[in-house]
Structures are given as structure tokens and as C-alpha cells.
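This report covers selected local features of one protein model. The sequence and structure are shown first, and the description follows.

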Amino acid sequence: METPGSQSSLHRANLERVVRAVRLAGSLTQAEIARTTGLSAATVSNIVRELKDGGTVEVTPTSAGGRRARSVSLSGDAGIVIGVDFGHMHLRVAVGNLAHQVLAEEAEPLDVDASAAQGFDRAEELVSRLIAATGVDRSKVAGVGLGVPGPIDLESGTLGSTAILPGWGGTRPAEELRERLGVPVHVDNDANLGALGELVWGSGKGVHDLAYIKVASGVGAGLVIDGKIYRGPGGTAGEIGHITLDESGPVCRCGNRGCLETFAAARYVLPLLQPSHGPDLTMEGVVRLAREGDPGCRRVVADVGRHIGSGVANLCNLLNPSRVVLGGDLAEAGELVLGPIRESVSRYAIPSAARQLSVLPGALGGRAEVLGALALALSEMGDSALLDGSVTGAPTVATPAFT
């Protein structure tokens, strides 16, 4: 039996530190593991050798700074995680291994009026189909990350009122999916998962403070502070769409007037162009036409960018992030929308905060949220199970922290 402070318990703790560092990063050189964990190079070398002999990690030749190095990643057959993303009109599922490799991914349309039960039925079927496609034994599932387009109460796990998926308010998505799949499920809203996806795999890689702005049927922000998703005590941090821009503006779904969402979200923007462009116009179509030179669409995209920039300026003044990543269909407009965002930030943000900020389009497109769900599942699983040869077990309460 290990006792606290004993040599064996210290060794175990060091093993878990190394496994956690590799698990969260996907792969690291031994030098990077030493910097991340604070362990000596000799200790890391011995631990990596032990983990490799036990089949927990794989070591492959690589280079770093022009020198030969060894890249360490978790074994490809150590286990798998699943990401599930519910959107306004889609369901996307991905299966990945613990080395941050996506093994299978599929998306299908989702009826916005479908009940929560119908949505979870579809998710259960799609998850089972993709696991079977990978050929991995179902017992290897370590956990599931689940994204929903609405606020999640951190204490109860209840989904708050959402106009994106009517009829889902008051449900407990993680509990529902956990009962169906029989594995730990961790849930968060789509903006937070978009931020996590871009942080780990996309335009936020290597950054410790960023805001991911998602503009779709609504407007939300995922906030990363010191490398961690910031949710706030009630789980509602990042509701940038409800910053007031005009007290006499349109009535928002939240009950206030002139929220940023009423100037930028698709449901408010599309009616401006439908008289001239037809009732079937979508935000994807607006962006495409704007890129092709349509003057009306270019004007609307620029106006939306300026409004978003006003909200981003408020974020700069309050949180001083180093990077803002724009997601959703609007990001495909490139400089047509990013330029006006930067213009508003330059005008309304504190100059020192504006100078330090970079505004970039998301690198992952519509995959950001489902990849963020994979990252959430990876961050929440425990390391003891990996060392003990089993990836199943009780859910942990670790906070996502990618470095």
C-alpha cells in the first residue's frame, strides 16, 4: 500500500504528470515534457521508457529546433473518446484516439423542431455506427464530450432556455446521453467547445488568452483565460450577443432592446437582404455573394463586422485577450468581415489592448465544436485509468487546461 510522501507514491504522481501532459497536448518531445511538468530531463527519460515498455505511450523519431528528438504520444490503442455536437440544424459526431487523431467523423441534418429524445436517438445511432466503423472495441470508450447551443447550469447540468433548439430547455443532456451510452459524458455550450477546438487544433494553438466568437443563429463567445475555458459561476460567461448596442434597437429574444445579436445573428440579418435576394437566402449564401462582389451583401457583411467589433472592443477593455477567433459561416468572408471588426476595435477599445489583439478566422470551420467536444472528453478523463490499463471508470472533475 502506497503512503503519502513515500517514494512509490511520488513515482506514481510523476507518472501521472507525464501522462497528463502528453494526453492534453496530443504529443510532446521529452524536452517539452520536462518543461511542462517541471521534472528533470533524466526523470522524464526514465518515465517515458517505463511507459513505453508498459504500452501506455508510443515514441517516434522527430526533430525540434533542427535537432533530432523523440516525440511521445499516448498509444493509439489505449482508448478512444467521442465528440457529439448538436447545432441549429445539424448533428455532428467524431471519434478520436488519445493521441489526438480523428478516426471517424460524420455529420447529418437535424430537424430544428425535433424533440430532445429524437435528437439523442439519432446521436446514439450515429455514435454506434462510427465506433463500429473504427473497429475499436466499445469497452475502449473513455468518455464523451457533448456540445449544445445554449447555456448549461453547472450545478444541475440543465440546459437553459434556448431558441436555437426549441423544446430542449430544461433537459439534462449529459445525463440523457450517459444513460444511453453507459460512459461518462461531459457537456458544454457550443461557443466554449468552439474555443476549445480552436485552442487545441486551430487558430488559437499556442495562445493562452483568447475569445472565440461564433456568429450563427445566435451570437456567443467562448472565453479562454490562462489556457482554460472560463464559464463563470453559473456557466453563462461569454454571452457577448446580449451586449447592448442600441437601447432603442430591435427587441431581442432575451427581452432587451438593441443587443449585438439583433444586429449580427442570421435571423436578424437575412431579412435585410431577402426582399432583393429572395426568401431562400442563407448566411452561407450571403458570404458567397459578398465574396463574388454583390454590393448589398458586401455592405451587410461589413456592417455586421463593425457591430461585432464593438462587442469585441468591450471584451478587450474587460479581459485584454491576445487573440479573437471568428467562427461560423461568417468567418468565410475573410477580410470583408475581419477588416470592419478590426476597425471597430481600433476605434472603441483601449489603444494598448487593441494593439495587442490579433483577429483571425477560425481554422476548423464547422468542425470546431465537435473537435472541441473531443478535447473536452480528453481533458476530463483521469490518468490513473490509463496507467492501470483501463480507460473506463468514474467521471473526473478536472478543468480543461491545454498548454
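Contact here means heavy atoms within 4.5 Å. This is a predicted model, in which local features need pLDDT of at least 70, side-chain atom pairs count only at pLDDT 80 or more, and totals for chains, interfaces and linings use all residues. Residues are numbered from 1 along each chain as its sequence is written, and side-chain values use heavy atoms, with hydrogens and water left out. Helices (H or I, at least four residues) and strands (E, at least two) are DSSP runs, numbered from the N terminus.

Three strands, in the order E1-E3-E2, make up an open sheet with antiparallel pairing. Strand E1 (27-29) and strand E2 (57-64) are the edge strands, each with a single partner strand, so one side of each has no neighbour in the sheet. On average, neighbouring strands of this sheet are turned by 30° against each other, direction ignored. Two strands count as paired if DSSP finds at least two bridges between them. E1 is joined to strand E3 (residues 67-74) in the antiparallel sense by 3 bridges, and Ser27 stands opposite Ser73 in E3. Helix H2 packs on the sheet and touches E1 and E3, its direction making about 95° with that of E1.

Thr29 belongs to strand E1. With 11% relative accessibility, Thr29 counts as buried, where buried means under 20% relative accessible area, exposed over 50% and partly exposed in between (1.4 Å probe, protein chains only). Neighbours within four places in sequence aside, Thr29 is in contact with Thr62, Ala64, Ala69, Arg70 and Ser71.

**Two helix pairs**

Two packed helices are described by the angle between their axes and the distance between the axes. Axes are lines fitted to C-alpha atoms, for helices over the stretch in contact, and angles run from 0 to 180 degrees between N-to-C directions. The table sets out two such pairs.

| Helix pair | Axis distance | Angle | Crossing |
|---|---|---|---|
| H1 (residues 7-25) and H2 (residues 30-37) | within 10 Å | roughly 110° | right-handed |
| H9 (residues 283-291) and H10 (residues 295-319) | 8 Å | about 115° | left-handed |

A crossing is left-handed if the near helix is turned anticlockwise from the far one by less than a right angle, and right-handed if clockwise. Angles under 35 degrees count as roughly parallel, over 145 as roughly antiparallel, 65 to 115 as roughly perpendicular and the rest as oblique.

H1 and H2 cross at roughly 110° and are therefore roughly perpendicular to each other. Their contact is formed by Arg17, Val18, Ala21 and Val22 of H1 with Ile33, Thr36 and Thr37 of H2. By class, the contact of H1 with H2 holds 4 nonpolar, 2 polar and 1 charged residues. Here Ala, Val, Leu, Ile, Met, Phe, Trp, Tyr, Cys and Pro count as nonpolar, Asp, Glu, Lys and Arg as charged, and the others, Gly among them, as polar.

H9 and H10 pack at an angle of about 115°, which makes H9 roughly perpendicular to H10. Val286, Leu289 and Ala290 of H9 meet Cys297, Arg298 and Val301 of H10 in this contact. The residues of the contact of H9 with H10 comprise 5 nonpolar, no polar and 1 charged.

**Strand E12**

In strand E12 (residues 323-327), 5 of the 5 residues are buried, so the strand is largely enclosed by the rest of the structure. In a regular strand the side chains alternate between the two faces of the sheet. Both faces of E12 are covered, with Arg323, Val325 and Gly327 buried on one side and Val324 and Leu326 on the other.

E12 runs parallel to strand E9 (residues 210-215), to which 5 bridges join it. It also pairs in the parallel sense with strand E13 (residues 358-361), over 4 bridges. Val324 of E12 is the bridge partner of Ala211, and Val359 in E13 is a bridge partner of Val324.

**Phe120**

Phe120 is part of helix H4 (residues 116-134) and is buried, its relative accessible area being 2%. Apart from neighbours within four places in sequence, Phe120 contacts Phe86, Leu146, Trp168, Pro173, Glu176, Leu177 and Arg180. Phe120 and Phe86 are separated by 34 residues in sequence and by 9.5 Å in space, C-alpha to C-alpha.

**Positive phi in two loops**

Asp226 is not a glycine, yet has a positive phi of about 55°. Asp226 sits in the loop between strand E10 (219-225) and strand E11 (228-230) and is exposed, at 56% relative accessible area. Asn320, also not a glycine, has a positive phi of about 55°. Asn320 lies in the loop between H10 and E12 and is partly exposed, with a relative accessible area of 37%.
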